[in-house]
Amino acid sequence: MLTSVVYCVGLIAFGRFVPFLIPWNLPYIRGHAIGHTFTRFKEADKIDQDIDVLVIGPSRAYRGYDPRIFRQCQWRLFNLGSSAQTPVQTAYVLDRYVAKIRPKLVILEVAPELFASDGNESMVDFISNAELDIELVRLALLQKNIGVYNTLLYRVFADMLGFNDGFVEENPSKSGDLYVAGGYVESNNRYDGKGRFESIDYSFASRQVRAFERIIQRLQEKEIPYLILRSPVPRARYEAVTNDSFVDGFFSKYGYYQNANESLKLPDSCFSDNSHLNQSGTNCYNEYVINLIKQRGYLNR
Amino acid sequence: MLFNSISFVVFLPIVFFLYWFVFQRSLKLQNVFLLLASYYFYGCWDWRFLFLLAFSTFLDYSTGLKIHHAKSLKSRKFWLVLSIGINLGFLGFFKYYNFFVESFADLIGQFGFNPNIATLNIILPVGISFYTFHGLSYVLDIYNRKIEPSTNWVHYSLFVSFFPLLVAGPIERATHLLPQVERKRNFDYTKAVDGLRQILWGLIKKIVIADNCAEYVNMIFNDPGGYSSGVLVIGAVLFTFQVYGDFSGYSDIALGVARLLGFELLKNFNFPFFSRDIAEFWRRWHISLSSWFKDYLYIPLGGSRGGLWMSIRNTIIIFLVSGFWHGASWNYIVWGGLNALYIIPSIVSRNGRANLDIVAKGRCLPTSRELFQMVTTFSLVVFSLIFFRAFSIGGTFQYITAIFSNVGDQYSHLTSPEFRGIKVCCILIMLFIAVEWVGREQNYAIEEIMFNRPRIIRWSFYSITVFVLLMYMKTGGTSFIYFQF
């Protein structure tokens, strides 16, 4: 009993009052996360009209699909990507928002590294920033990770004690990222191309594969067309992957799939860091995606 | 199965419950159960090596009996040599085969030959160095007529394979552990609680101190050329805390688990960082190995009976062998040799036993002289452990050279995102040292803090310790450094 009390008091004290000592097993508290997840979910909760294109997936989703560009084609795009989002969380997002948003097309942005991930990073991002519901708590408990559990506990106390009341996410963020309505995050940084990448051979976690299959099954059941896209990364990073044929072969099994790294070879200047497109890269890539959608005739308007 | 894994968290309570509440009426049943649990524990790593463990046990058990019953000295020697030969043969094959082959190829390569010698992809059985030394001490003690051989196969097998000490020690002696295996054990609440406390402290050492240090140590040692002198020195200091937290944490958990089951194991660490000279350090660091080498190598070689030079020669030998025991690589041998060099002045000046008691006994703080001595000893240890961590002689010299050449912007790396948690890590280490200092006159640090205190204070301390553990531990069940030895 005493241990539980000390634990909870310590959790609140460390999370709230001594941020410089924030333990690694209390990884995110609201406002410390990157990627504007809080603002994005808030905006998603307020959507009151149908969306043409819904993008889901990891950070490359919310940094790689600009609603302002899609607007030029009269298409409403909303981005529900979040940092390190794995298929487990994507399935949750889809279940939570697809009935409300009623998208005409879903773009599944896939990053092979996240099919090999445990999903803890994304889960703490969700717990910190999304509205808590039973399903999210259930998913959190399934993570079997102390950091996820601590974050969940802290979130419950933070809500009870009003720590999150009136919270407004900083925009632009300290790193210069600007949140744009529609879930997009604009960055104008330029990658210096100095990153070194060790060769990597991806093997996917069965839990993530099962979640991905569930996503496809639900989209098919609801008869929502979908595209599976792999947006560009810097060449050196892309070339470090040694089993790309396996990766591409895997995604091709589940529907129409395009690996933009093969068709759109962007220079390092189109990236903000060693993984994400900057605004200039997004402009090029979105033009490519819009052409693809037009060619495939998904949104005949 | 690791002590810091979820599977062990499930395994231990099951063993504890069945051991004390189902099999408590019969010593025989308790021992058979513990033996099966120990084999299961070991088999979780790789069941194939259970046969090697069983064979090694059988070998020492039967040669022990043969030595005891042999009529002539020649026959006793024969069985002893057979046991030692086969034990060291296995150890040599699994641990040292590739080292000898590669060293031989390098040597004859110096003379212009280019031999085509194949190395083997050998898996090192976890704990082989430890259980081989258990067995060797047993047959050597029988040969020296210090003990009578066990006539009970289960008792002897449990002595060798008792799961708390099976994979990384402490290296037990038959004279100490076998009698405990043979006599009835009764549940002692105080002892069990003490065991749990020691397990808790061991976990703090391993998953809070060692594993957090490991993150930065790995980064720094993997790219010594990329860091400044100051950061490299920090890397070496952090490794010193890592290896101590890792190995002494393992030993604390082993001792705590054994105490839960009614056994007392040999103490393996005794606050070595509070040593005032290297001789004292080696009386406090990996005590069970040091005393093993003293009893079975140093003394048979003549110890210090032959005068100063023999004492120096024998000291150098045991440190070199001790280094080689740690790993099949030249850097471990050099590490051993360096420690021998450190200790020779105290042999020459005959003040190696000047500091037998713990520092500042009965006082809160050390004198400035004691503090200076402790810092000097610690610095020597930090330097020697660079050889231990760098994995090769070339790597070691690259690291040391970088310490002296990468001057300039000393600490800018520490502000990069990868080193974000290093300040908190250093605060944790300082708290850890403070607790160890307060408890330095006891068996383990928090024994003193907990002993004879009101319940509310004890439970508050437990609660804070659990909080620190769950907030700052590294998840993922990282292995223990000494498993590779």
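Chain B of this predicted model has a mean pLDDT of 87, with 94% of its residues at 70 or more. For the complex as a whole, the predictor reports an ipTM of 0.73 together with a pTM of 0.82.

Let us turn to the place where the chains meet. Chain A and chain B each bring 14 residues to the contact. On the chain B side, the largest share belongs to helix α19 of chain B (residues 455-472), which supplies 10 residues. In terms of class, the side of chain B that touches chain A is made up of 10 nonpolar and four polar residues, with no charged ones.

Now follow chain B to a pair of its helices, α13 (residues 308-326) and α14 (residues 330-348). Their axes lie 7 Å apart, and the two helices pack at an angle of about 155°. Angles over 145 degrees count as roughly antiparallel, so α13(B) and α14(B) are roughly antiparallel to each other. Their crossing is right-handed.

Which residues bring these two helices together? Sorted by class, the contact of α13(B) with α14(B) holds 14 nonpolar and eight polar residues, and no charged ones.

How values were computed. Residues are numbered from 1 along each chain as its sequence is written. Chains are lettered from A and ligands numbered from 1 in the order in which they are written. This is a predicted model: local features need pLDDT of at least 70, side-chain atom pairs count only at pLDDT 80 or more; totals for chains, interfaces and linings use all residues. Two residues are in contact if their C-beta atoms, placed from the backbone, lie within 7 Å. Helices (H or I, at least four residues) and strands (E, at least two) are DSSP runs, numbered from the N terminus. Ala, Val, Leu, Ile, Met, Phe, Trp, Tyr, Cys and Pro count as nonpolar, Asp, Glu, Lys and Arg as charged, and the others, Gly among them, as polar. Axes are lines fitted to C-alpha atoms, for helices over the stretch in contact, and angles run from 0 to 180 degrees between N-to-C directions. Angles under 35 degrees count as roughly parallel, over 145 as roughly antiparallel, 65 to 115 as roughly perpendicular and the rest as oblique. A crossing is left-handed if the near helix is turned anticlockwise from the far one by less than a right angle, and right-handed if clockwise. pLDDT is the predictor's confidence in each residue, from 0 to 100.
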